[in-house]
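This report considers the fold of a single chain, followed by two local sites within it.

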Amino acid sequence: EMKSYARSVRHYDTSLLLMQTRDDSYGTALVLGNMADLQYKLGNYSLSIKYQAENIRIGKAIHSDDLLLTGYGNMARTYKQLGNYTEAIQFQDEMMKIKDSIYKKEAAKSYAEMEAKYQNEVNQKENALLQQRNEIMNIQLSIAERTRYFLFAVISLIVVLAGLIYRAYMTKKKTGETLHTYNLKLNEANQSKAKLLSIISHDLRSPISSLFHYLQL
């Protein structure tokens, strides 16, 4: 920006050497792209094309769309400046292919993100539904368990009542049999008493009748 291009070239050379020493392919390509841009400003189009071609080569090697997009665009601009419109159009076409590729990748990424978000929402809803089903099943199991306990209690009560009724029935039956026995004995006693009274009445009737007549006399 200060138009000190010679110093800029030296710093770029130093930066390029550092990137190459670090074996930083992306950083090397960036420096080469900046050096190509500087040479373009200086009007050294051939040197700019050389740097930019190396930038594109590295971009292809590391599959960097942004390096290729910038490189093809700068190459098209440089060849246009040279009046070589055939090369300019070819690099422009390559740049458009990269743009299309980037757009497709971004679209695919966006679609994948939306799909992942949708699947996440579906999974959350399914998990919520599954949780509700589990809660309903737990409630149903609790109700079934309570019902089982209730039925057990009712059956136990019925068994107890049946036992009490049976015991009362047996007691009543035994009492009835005892009463029947007592009634039989009572009937026998009454018959014996009636027979005894009949005998006494018959045996006493004549003497008393005689005594009665005697007393009348």
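Predicted model: local features only at pLDDT ≥ 70, side-chain atom pairs only at ≥ 80, totals over all residues.

## Secondary structure and overall form

The C-alpha trace spans about 190 × 35 × 30 Å along its principal axes. Of the 217 residues in the chain, 18% are buried. The accessible surface amounts to about 17200 Å², with 60% belonging to carbon and sulfur atoms. Among contacts with a separation of 6 or more, 44% are between residues 24 or more positions apart.

## The loop site at Ser64

Ser64 lies in the loop between helix H3 (45–61) and helix H4 (65–82). Because its relative accessible area is 8%, under the 20% cut-off, Ser64 counts as buried. The side chains of Ser64 and Asp66 are joined by a polar contact of 2.3 Å. Apart from neighbours within four places in sequence, Ser64 is in contact with Tyr26 and Gly59.

## The nonpolar patch

Leu157, Val160, Leu161, Leu164 and Ile165 make a nonpolar surface patch of about 480 Å². Ile165, one of these residues, belongs to helix H5 (residues 85–216). Ile165 has a relative accessibility of 58% and therefore counts as exposed, the cut-off being over 50%.

Notes:
Residues numbered from 1 in each chain as written. Heavy atoms only, no water. Patch = residues over 30% accessible without salt bridge, like charges linked within 9 Å, V, L, I, M, F, W, Y side chains within 5 Å. Areas by Shrake-Rupley, 256 points an atom, 1.4 Å probe, with all protein chains shown as cover. Salt bridge = Lys/Arg side-chain N within 4 Å of Asp/Glu carboxyl O. Helix = DSSP H or I, 4+ residues; strand = E, 2+ residues; numbered from the N terminus. Buried < 20%, exposed > 50% of the residue type's maximum accessible area, 1.4 Å probe, protein only. Polar contact = N/O pair within 3.5 Å; in protein donor to acceptor, adjacent residues only side chain to side chain. Contact = heavy atoms within 4.5 Å.
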